[in-house]
Amino acid sequence: MSERTEAAHADLLNAIAEALNLPLPSIAAADERDYHRLLERRALAVRITLEANRAVSRDPRLAADAIRIRIAEEPVTYTPWKDERDGDAR
């Protein structure tokens, strides 16, 4: 595998991690529900993108770009959890 191909695959893995790495929700039931729905939608988008890419182009750069476009369409809208002791979101 060439360095260029390795970099493209690493970028794809980063895009997948970005899509699935969501901040934890607050303890409010609505926020927890929204967190799980968003995670489900993003996981489905990643799966569909990977399957389509595998069937059509096999270009990891295109898949990474498509995943990032979908992330932008599915932003975090719930309230993230905050540690009241130090004010940091986790």
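The lining of the largest cavity has five nonpolar residues, no polar ones and four charged ones (Ala, Val, Leu, Ile, Met, Phe, Trp, Tyr, Cys and Pro count as nonpolar; Asp, Glu, Lys and Arg as charged; the others, Gly among them, as polar). The structure is a predicted model, in which local features need pLDDT of at least 70 and side-chain atom pairs count only at pLDDT 80 or more, while totals for chains, interfaces and linings use all residues. Residues are numbered from 1 along each chain as its sequence is written, and side-chain values use heavy atoms, with hydrogens and water left out.

A search of the whole structure for cavities of 30 Å³ or more gives one (a cavity is a set of points, on a 1 Å grid over the protein atoms alone, where a 1.4 Å probe fits but cannot get out; lining residues have an atom within 4 Å of a point). The largest cavity holds about 50 Å³ of space, a volume being the space filled by probe spheres set on the points, which are joined across faces, edges and corners. Its nonpolar and charged lining consists of Ala-19, Arg-41, Arg-42, Ala-45, Val-46, Ile-67, Arg-70, Ile-71 and Glu-74. Helix α2 (29–56) and helix α3 (60–73) each supply at least two residues of this lining, and α2 gives the largest share, with four residues.

The chain has three helices and zero strands (DSSP runs numbered from the N terminus: H or I of at least four residues for helices, E of at least two for strands). Along the sequence they follow the pattern α-α-α. With a radius of gyration of 16 Å, well over the 12 Å that the globule rule gives for 90 residues, the chain is more spread out than a compact globule (the radius is taken over C-alpha atoms, and the rule is 2.2 Å times the number of residues to the power 0.38). The C-alpha trace spans about 50 × 25 × 15 Å along its principal axes. Of the 90 residues, 28% count as buried (under 20% relative accessible area; exposed is over 50% and partly exposed in between, with a 1.4 Å probe and protein chains only). Among contacts between residues at least 6 apart in sequence, 67% join residues at least 24 apart (contact means heavy atoms within 4.5 Å).

Thr-49 is found in helix α2 and, at 14% relative accessibility, counts as buried. A polar atom of the Thr-49 side chain lies 2.7 Å from the backbone oxygen of Ala-45, a residue that also lines the largest cavity. Neighbours within four places in sequence aside, Thr-49 is in contact with Ala-63, Ala-66 and Ile-67.

Ala-63 sits in helix α3 and is buried, at 1% relative accessibility. Again leaving aside neighbours within four places in sequence, Ala-63 is in contact with Leu-12, Thr-49 and Asn-53. The C-alpha atoms of Ala-63 and Glu-18, 45 residues apart along the chain, are separated by 13 Å.

Elsewhere in helix α2 is Asp-34, which is partly exposed, with a relative accessible area of 30%. A distance of 20 Å separates the C-alpha atoms of Asp-34 and Arg-68, which are 34 residues apart along the chain. Finally, the loop between α2 and α3 contains Arg-58. Arg-58 counts as exposed at 63% relative accessibility, and has a positive phi of about 60 degrees although it is not a glycine.

Conventions. On a 1 Å grid over the protein atoms alone, a cavity is a set of points where a 1.4 Å probe fits but cannot get out, and a pocket is an open set with protein on both sides within 12 Å along at least five of seven lines; lining residues have an atom within 4 Å of a point. A polar contact is a pair of N or O atoms within 3.5 Å; within protein, one must be able to donate a hydrogen and the other to accept it, and residues adjacent in sequence count only if both atoms are side-chain atoms.
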